[in-house]
Amino acid sequence: MQFTFSDEQEEFRLIVRRFMDDKSPTTEIRKLMDTDDGYDKAVWKQLSEELGLPGIHIPEEYGGQGFGFIELCIVLEEMGRALLCAPYFSATALAATAIIEAGTEEQKLALLPDIASGQTLATLAFTDTTGNWEVGSTEVTAEPVGNDSQASDSQANSFQLKGTKSFVVDGHIADLLVVAARTPGTTGAYGLSLFTLPGSGNGIKRRLLKSLDPTRKLACIEFDNAPATLLGELNGAGATLPHILNLAAVALASESIGGAQKMLESSLDYAQLRMQFGRLIGSFQAIKHKCADMFLEVELARSAAYYAAAAAAEQTADFPAVASLSKACASDTYMKAAQECIQIHGGIGFTWENDTHLYFKRAKSSEVFLGDPNYHRDQLVLRWEN
Amino acid sequence: MTDTNTVTSSEQEIRSEVRTWLEQNWDPDSTLLAWRNKLIDSGWGVPAWPKDWHGRGLTIGLGDAVDDELRQAGAVSVAKTGVRMLAAATILEHGTDMHKEKFLRQLLTGEDTWCQLFSEPGSGSDLAGLTTRADFDGENWIFNGQKVWTTSAHHAQYGMLLARSNWDVPKHQGMTYFLIDMEQPGVEVRPLRQMNGHASFNEIFFTDAKVAPEFMVNKEGVGWKVAMTTLAHERRLADGIRSWGRGDKGNGRVYEEQKAEIATVMEPYKWYPQRAGRVDLLIERAKATGKFDDPTVRQAIGKVLIMAKAAEWTGRRVKAAHALGRPPGAEGSLGKLAGSQVARLAAQAHTLIAGADAMLTNDDGAMDGLISEILISVPAESIAGGTDEIQRNIISERGLGMPKEPRTDVDRPFRDVPRNTVG
């Protein structure tokens, strides 16, 4: 098991960090979060063309960079630290991962290169309006189209989706949707499949939701007999989707670590700047001990996220358990760090002008996205092999 | 990554040299004392010590390789853990040749046991505030005062004693370090009973106890600096206890004698695993009691597992970075603080699992009292070896570079510093 990054990985992190520092100052974040698209096309083009980030973990034969899950997590940690506004988590961590894990060879060849190049924005829609993150919970249905024995292969893969997905990250701008839906009449994980369809296709109504975290755009998508293509095997998502979501949970944990680290640094900076009672507030144990605890929690959550990323890359048997461990740990840590950062800032920390709330809101949306800490703690214990 | 295992040629040579020596000399039927004297004479007992003093001047890494060979051969080692090794490290660094001559060998053979006389009832976290008096009467140093939390004192021959010899200088400059003979009329040792019923430590009362001037370590007034050497080795000692407590397995007189020695030394530590929370028992216990079906119990277990595993992985990150020669970050100082939290969370989870049985102890309690021992031992974890609050000071000041709290006790004569009236 890998417990440090290689020199190459450390160097890669620095390159990504420099890019983020340059492209995602808070002035940019504040500008972009007020737009509907929520990202800067020029920056997206640059991070795609110069750094190849959208294809970071996509194999080279499908047009990607051919790095692994660990490198994806490095990118996400840096993006989380810089709170980059871009449709990256949706396209790369969610949609590309789903296609890599579930798609046929032909589908990967057809779909992945454009995601890797940044030309296609994609996302994964798997949660219904109930907001239930359990794999088997979806009620969106997929009816086969032209389902007779004479049908050609492409027709056999043709379906129509009916129902509503919600909490779809960047769902309002995605060119390509990967959707979890079920064969009518089935329940639970059985009968689940993944489908792809163009975001602007027939029978699709998309609505940008008013998200608490304006840097993470969420959409509600209604499917009214929307034509879709089966991704991978029919009724196969009961097997593939849990793993895809475990990978997504680790990706989100990594992103959260970056944000939590930023909250710690911001707290330390302020504590060593702000004077009260004739001395720096950072010289009071009340503040120092808070910072020591934040540091402890951030480092523990970091270790968990790094371990989970390595477990994903090495496909270890404990991966499903540690994926949930890393998500629960990172979510709680980020939320706590953001809260304490506001507390250490005092009144100014509650103002719109201060940047802390941007991270606080990201922490809040990350806390529940993909399942809250209670859900993942439970998954961890149930999955734990003692 | 990166568990690279580079075996240097010199390590190979040393390993084979040790192996050959062991083949010719290791005798499980000899007495423990005879065997250890032989091992000490060979220099393989403490190979990282200087050549003049029972060692071979090897690096710590090569010393570990030698220990590994001993282990593989099933050969019993010198008595190299326990408080005696703190004394050894201190004597090696600050002691005179007479000290080294008189103490080191008997310490390694296990004939002499040592204790550390630092903490006092009036100075716990603030060790430099100690008030045990050292007064020179023209012939001997005379000691009066009280020490506490002293392991092994009831069977120790010698003690490392930190006492105040000058009250008119700032606190850190007025202390002197002595090696004291514990077997004398002015030293009274009483066991100290803890809230969990065990008595792992002692209180020591000095009433005109004596030390001859040649058993002062280093110079008068530099006791604090000498004590820092002792304390620097304390963490390593804690690691050593864990591995040493198991002892060597085999048949023969030497093993029997070692077993008896370990039983004596380990006696004070037998509740330590419970103090750390026994995370290992949680899932098994929850399943055995049917509480595993309770989602609130699973939440409690989940919280412990997350903290415990993340702390373990943090430790491995630190080690891996160290192995690559990368500079240590502040994360190295986090382990103790994490351990306290793991212990508390684990005790909480064990309570939920035990239910009403958590009100019972001994053979009426769950697992014959083991669970209740966890519940009433865990409070030690966040105090012993530096409280959580002191750890947070260390982490925030040394790790995060935050400013120190202004102090009023360091820049004036100790005589004028407000202090406890007890002790």
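Hi everyone, let me open with a question: among contacts in chain B between residues at least 6 apart in sequence, what percentage join residues at least 24 apart? The figure is 71%. Keep in mind that this is a predicted model.

Let's start with the overall picture. Chain B contains 14 helices and 8 strands. Its C-alpha trace spans about 75 × 60 × 45 Å along the principal axes. As for burial, 38% of the 423 residues of chain B count as buried.

Now the domains. The assignment for chain B lists domain 1 as 20–77 + 248–268, domain 2 as 85–237 and domain 3 as 272–385. Between the C-alpha centres of domain 1 and domain 3 of chain B there are 34 Å.

The part I'd like you to look at with me is strand 3 of chain B, residues 141–150. Of its 10 residues, 7 are buried, so strand 3 is largely enclosed by the rest of the structure.

Who are its partners? Strand 2 of chain B, residues 133–136, pairs with strand 3 in the antiparallel sense over 4 bridges. In that pairing, B:F143 of strand 3 has B:A134 opposite. The hairpin of these two strands has 4 residues between them, and B:G138 there takes a positive phi near 100°.

Strand 7 of chain B, residues 201–211, also pairs with strand 3, again antiparallel, over 9 bridges.

Thanks, everyone!

Terms used:
Residues are numbered from 1 along each chain as its sequence is written. Chains are lettered from A and ligands numbered from 1 in the order in which they are written. This is a predicted model: local features need pLDDT of at least 70, side-chain atom pairs count only at pLDDT 80 or more; totals for chains, interfaces and linings use all residues. A residue is buried if 20 or more other C-beta atoms lie within 10 Å of its own, exposed if 12 or fewer, and partly exposed in between; C-beta atoms are placed from the backbone. Two strands pair if DSSP finds at least two bridges between them. Domain bounds come from an automatic or database domain assignment. Two residues are in contact if their C-beta atoms, placed from the backbone, lie within 7 Å.
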